[in-house]
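Good morning, colleagues. May I ask you to look at the model now on the screen while I take you through its packing?

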Amino acid sequence: MTLMTPTRLVQLLVLVVLLAIAAIMHLKFGARSLDWSIVLKALTFYDEGSAQHNIVMELRLPRLIAAITVGAALGLAGTLMQGVSENPLADPGLMGVNSGAAFFVVAGLLVLPENTMAMIPFLAFAGAIVAATCVLLNAGTDPDPVRLVLSGVVVGALFSALTSMILLLDQQGFETLRRWLVGSLAFESAAARWQTLPFMVFAGVIALINIPALNLFRLGARPAALMGLNIQRFRFSTILAVVLLAGSSVAIAGPIGFVGLVAPHIGRLIFGNDYRFLVPASPLIGALLVVTGDMVARVAVRPLELNTGIVTALVGAPIFIGLVLRRVK
Amino acid sequence: MRWVRQERRCTSVIQITIQTLRTRLVKGVHEFMFSISGLDAYRDAAHILHDIELTIPTGRFTALIGPNGSGKSTLMATMAGMMTPRRGSLTLDEKPVSTYSKRELARLVSFLPQQVQTPAGMNVRELLVQGRFPWRGWMGGWTATDEKAVTDAASLCEIEQLIDRPLANLSGGQLQRAWIAMTLAQDTPTLLLDEPTTFLDIANQLSLLDLLATLRDAGRTVVAILHDLNQAARYADFLVMMRDGRIVAQGETSDIFNDANIEDVFGVRSRTIIDPATGDRICIQSSRQS
């Protein structure tokens, strides 16, 4: 069993190259298109005096990094979620993790006195953890994944309702948080990126360690237990990773939908269902999706910009329907 | 072609025998692989197993027989550590099963349950690879031993030609062979199989039972739930007869495979005759009315 056949390696490299191309285009296009030469020069010989260099390095590059991070986190979170729930349609949204994180951020910012934007990551993590705990307590130790998925849907709906309630009561707050709630990279901050980085790295390590278990778990929970897998520990660690990844991405860009669902499935189309390839590939694909989506969001209605979350939803929803129809057939 | 395969099967068996003997030399061998005493088990509120006293001899082929709902599957699941008994003791290699870690247990006992759903989008090789899970390190490194266990298991079950086929494209018999190959790749001294011959045609049933006998000859302990009484009598060295969650009879096949026990366990009348060609016992059943 060789880990990397040449074909697989080439496929992974193609993804990396595509991501690099998308990244450079992300730097070039925007409210104002820049020349290729300026983008390249700003990247290699940065001149602080030049306004165009400033656009590239101070405005677009941080946003590009945020897009890559968020996309990678969502792609990996979706893959882990699908593996652990034995449900190919699972994503962090389905588990209520995104809604929980969003609710805590909204409630924290609007209700807590003396709040600052710097609190967002912690609120998001707290929300993601609370939502995941509710889901896990509901699902109990039942090996049947249906209960896990159902309790995820219920908890997600509950937190969305609570968020709507707060926002309807507080019109002024709704105006400020409106854009954030549909998922946007326009408000990303260096602080949020640095605060969430260690958590995302930790989650990545958990994902790598769990690759053999994720593959074994494709047999189902009972056969996996027979092979000596500690189901409880596997579920806990994987869901912890999902919570950290989803919480981080919500903290940076708000709840961006569908990437967690679509990225693993594009990965499955290319690499099959082997998690040795899906775990490295899905973050690449997720990053590619969000970088491209964010570029479209900024270019489509120039000089205004759409929300990244809207673009990913517009592209993701038809793909989701396609996936469901293919399964029903 | 046929004898080439047979020969390969023999070499694999010899290699496995050497492995098994080596582990035995290191560990010492006990007469009974499993010892069960005063065991009661429940599924939710239902009391399934009553006061089970049972010993499974090491290195032999034991068949569990009994009518539907007699508790055979529950007993096997309990032996595999999938269910916790309410009362009583259950030891494997003279150590209580509950004291083994899941991984240790999976290195000693492999269990093929009756209903296993076919995982989506997996090929035969990927399935066999999962059988090595209990032996792999924390990052899942793949060693030459792992590779050899998978190839040996595939050749024993004669599925080398199917190794790259998706599981969804296999016939029922091939799929069953693939699952058994996975439990063989697990390379455990003890195999538990819940109705392995169900869904197989007669030729495949016999070749599977031959394979189990081969594994027994190679030193493994085989325990299987079988429905066909004559197959059980012919292949098993040791029989365990169950009814209503209790053990009615256990012992050497030649001692307990008789009309009285069969009538007691299954509630059917029978005549046992000796096959003039092989000397095996054959049982002919008739319903109570006739």
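**Burial, helix packing and the chain contact**

A:Ile211 is partly exposed, because 19 other C-beta atoms lie within 10 Å of its own; by the definition used here, 20 or more such atoms within 10 Å make a residue buried, 12 or fewer make it exposed, and anything in between counts as partly exposed, with C-beta atoms placed from the backbone. A:Ile211 belongs to helix 9 of chain A, residues 211-216. Helices are DSSP runs of H or I with at least four residues, strands are runs of E with at least two, and both are numbered from the N terminus. From A:Ile211 to A:Val259 there are 48 residues in sequence and 21 Å in space, C-alpha to C-alpha.

A word on conventions. This is a predicted model, in which local features need pLDDT of at least 70 and side-chain atom pairs count only at pLDDT 80 or more, while totals for chains, interfaces and linings use all residues. Residues are numbered from 1 along each chain as its sequence is written, and chains are lettered from A and ligands numbered from 1 in the order in which they are written.

Let me turn to chain A as a whole. Chain A contains 14 helices and zero strands. Its radius of gyration is 20 Å, close to the 20 Å that the globule rule gives for 329 residues, so chain A is as compact as a globular protein of that length; the radius is taken over C-alpha atoms, and the rule is 2.2 Å times the number of residues to the power 0.38. The C-alpha trace of chain A spans about 65 × 55 × 40 Å along its principal axes. Of the 329 residues in chain A, 49% are buried.

Next, two helix pairs. How do helix 3 and helix 11 of chain A pack? Helix 3 (residues 51-85) and helix 11 (residues 231-253) of chain A meet at an angle of about 150°, their axes 9 Å apart. Helix 3 of chain A is therefore roughly antiparallel to helix 11 of chain A. Axes are lines fitted to C-alpha atoms, for helices over the stretch in contact, with angles from 0 to 180 degrees between N-to-C directions; under 35 degrees counts as roughly parallel, over 145 as roughly antiparallel, 65 to 115 as roughly perpendicular and the rest as oblique. By class, the contact of helix 3 with helix 11 of chain A has 16 nonpolar, five polar and one charged residues. Here Ala, Val, Leu, Ile, Met, Phe, Trp, Tyr, Cys and Pro count as nonpolar, Asp, Glu, Lys and Arg as charged, and the others, Gly among them, as polar.

Helix 4 (residues 97-111) and helix 5 (residues 120-139) of chain A pack at about 135°, with axes 7 Å apart. That angle makes helix 4 of chain A oblique to helix 5 of chain A. Their contact has 14 nonpolar, four polar and no charged residues.

Finally, chain B. Chain B has ten helices and twelve strands, and 39% of its 290 residues are buried. The contact between the chains takes 24 residues from chain B and 20 residues from chain A, where two residues are in contact if their C-beta atoms, placed from the backbone, lie within 7 Å. Helix 3 of chain B gives the most to the side of chain B that touches chain A, with four residues. That side has 15 nonpolar, four polar and five charged residues.
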